[in-house]
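Visitor: I would like to learn how to read cavities, packed helices, sheets and pockets in a model such as this one. Could you take me through them in turn?

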Amino acid sequence: MRLPSSKANASLRSINLAISARGISAIQTIDPGVASRFLESTIPMKGRMIHDVSGKQQSQLYDRDGQCINAIDRGLLNEGLLREVLAHPDIRVFFEHKLTTADFDSRVLKFHDSAGNKDVQVNFDFCVGADGSYSNDNSFTCTLFAPAADFDRLSDPDQALAWFQSQFPDAVPFIGEQAILEAFRNNPRSPLIAIKASIFLISVPYHYKDRAVIIGDAAHAMVPFFGQGLNCGLEDVRVLDVILRGEKVDPAYALDASVDFVDTNLAGALKRYTETRHNALVAISDLAMANYVEMRHSVATPSYLFLRALNNLFSALTSRSQAMPSSVFPLLSSTPFPSSSPAGWIPLYTMVTFRPDISYSTAKQKAERQQKILRDLGLITSAAGILGIGIVALKVVQRARFAN
């Protein structure tokens with residue numbers, strides 16, 4: 001459903017979009033020209049800024065090689081994708097149609113046309129569901145995350161402003177006291193949404209026969225603390241495209257066939273997508289939630305900074321650069337994840353954000369093995385002292401070869 005900008009701005013439920021290597025490479029493998037046009041509208045972000053309650057600031061680079069993520073206006077991205085779609089003469093787009101029922105066995109979808117105030121029935125061959133929780137066209141926003149109990153205590157606007165001044169003193173001059181007061185009065189409070197297609201650790205299919213598949217937020221809405229919601233959704237498209245091509249699915253095969261007909265190639269491809277994609281999607285959902293704890297508290301602690309320095313040290317000792325090798329990029333159009341066993345020591349953030357050749361599940365497993373090495377190192381260094389770090393570091397470099 002496409003809304004006028006005035007309605008979209010009134011919702012303000014979504015935060016800024018961050019597109020990184022996974023999302024960019026996914027678009028590039030489908031259409032390099034589209035990726036280039038989108039990158040012209042992005043703002044590079046090389047690190048995070050830590051603000052303490054006294055107003056002091058500390059910057060932390062995302063990557064030791066200077067790789068960056070990119071901020072992109074949600075409206076520009078949505079409108080840009082829409083323009084690309086409308087440029088294809090065989091594609092028709094309808095707005096203000098809300099899906100009310102879906103019968104995948106009969107291949108029938110029913111919508112309510114809010115503009116015409118009528119119900120519409122659509123017969124289909126293949127359905128892709130990608131919409132997610134609280135989905136709308138929105139503008140850049142400043143989003144505050146806090147426990148519900150904190151918000152419950154801020155019913156009085158003056159009290160809310162005082163709380164904001166105590167927690168975020170250096171942000172008040174930039175936002176403005178009046179804007180903060182209006183935001184607390186008018187902007188909605190929304191719960192964070194996480195969707196995992198599993199019940200009691202049993203994977204639930206992302207597809208149904210050869211009729212339908214869900215991707216993006218429809219399949220795996222996640223909390224925003226790793227900045228991977230958009231990137232993961234775009235990666236879904238790339239991975240699904242690779243699998244469809246690998247299974248030699250013909251998009252024109254058996255069009256307008258009977259409702260009982262099953263395209264075995266398509267059904268097999270969708271089954272493979274479900275089986276191979278689930279672990280990665282669960283992994284990034286877990287990593288996103290875990291990153292909330294890191295961003296909320298750990299980034300300012302000495303132990304986090306020390307471990308981060310060790311990560312960068314071991315990374316530098318095992319590889320000159322952690323950027324994705326250029327030779328790997330062409331493989332992304334034919335292989336879901338070319339680097340199934342990446343060598344060397346690679347920080348988790350680098351693997352998740354800048355290495356689309358590594359699946360989320362592989363990144364999570366490798367990071368857990370590296371973390372175990374760091375925990376072992378902590379026990380050793382506490383007994384041996386700083387003098388032993390150099391010796392231990394050499395051993396870690398050797399062990400890192402096996403942490404894949």
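Visitor: How many cavities of 30 Å³ or more does the count come to?
Guide: Rolling a probe the size of a water molecule over the atoms shows where empty space is left. On a 1 Å grid over the protein atoms alone, a cavity is a set of points where a 1.4 Å probe fits but cannot get out, and its lining residues have an atom within 4 Å of a point. Grid points are joined across faces, edges and corners, and a volume is the space filled by probe spheres set on the points. By this rule there is 1 cavity of 30 Å³ or more, and the largest cavity holds about 40 Å³ of space. This is a predicted model, in which local features need pLDDT of at least 70 and side-chain atom pairs count only at pLDDT 80 or more, while totals for chains, interfaces and linings use all residues. Residues are numbered from 1 along each chain as its sequence is written, and side-chain values use heavy atoms, with hydrogens and water left out.

Visitor: Which residues line the largest cavity, and which elements give two or more residues to that lining?
Guide: The lining consists of Ile19, Ile24, Ile27, Ala35, Phe38, Leu39 and Thr42. The elements giving two or more residues are α2 (21-30) and α3 (32-39), where helices (H or I, at least four residues) and strands (E, at least two) are DSSP runs numbered from the N terminus. With 3 residues, α3 gives the most to this lining. By class the lining has 6 nonpolar, 1 polar and no charged residues, given that Ala, Val, Leu, Ile, Met, Phe, Trp, Tyr, Cys and Pro count as nonpolar, Asp, Glu, Lys and Arg as charged, and the others, Gly among them, as polar.

Visitor: At what angle do α2 and α10 pack?
Guide: Two packed helices are described by the angle between their axes and the distance between the axes. Axes are lines fitted to C-alpha atoms, for helices over the stretch in contact, and angles run from 0 to 180 degrees between N-to-C directions. Here α2 and helix α10 (residues 229-246) pack at about 35°, with their axes 8 Å apart. The crossing of α2 past α10 is left-handed, a term used if the near helix is turned anticlockwise from the far one by less than a right angle, and right-handed if clockwise. Contact means heavy atoms within 4.5 Å, and it is made by Arg22, Gly23, Ala26, Ile27, Thr29 and Ile30 of α2 with Asn231, Leu234, Glu235, Arg238 and Asp241 of α10. These residues divide into 4 nonpolar, 3 polar and 4 charged.

Visitor: In what order do the strands of the open sheet that holds β1 lie?
Guide: Two strands pair if DSSP finds at least two bridges between them. The 3 strands have the order β1-β5-β2, with antiparallel pairing. Because β1 (17-19) and β2 (43-45) stand at the edges with a single partner strand each, one side of each is left without a neighbour in the sheet. From one strand to the next the twist averages 40°. Between β1 and strand β5 (residues 69-72) the antiparallel pairing runs over 3 bridges, and Ala18 stands opposite Ala71 in β5.

Visitor: How many residues lie between β3 and β4 in their hairpin?
Guide: There are 5 residues between β3 and β4, and Gly55 in the turn has a positive phi of about 95°. Strand β3 (residues 47-51) runs antiparallel to strand β4 (residues 57-61), joined by 5 bridges. His51 has Gln57 of β4 as its bridge partner, and Ile50 has Gln58 in β4.

Visitor: What is the volume of the second largest pocket?
Guide: A pocket is an open set with protein on both sides within 12 Å along at least five of seven lines. The second largest pocket has about 860 Å³ of space. Its lining has 32 residues, of which Glu294, Tyr304, Asn311, Leu348 and Gln371 lie nearest its centre. The largest share of that lining comes from α12, with 7 residues. By class the lining has 13 nonpolar, 12 polar and 7 charged residues.
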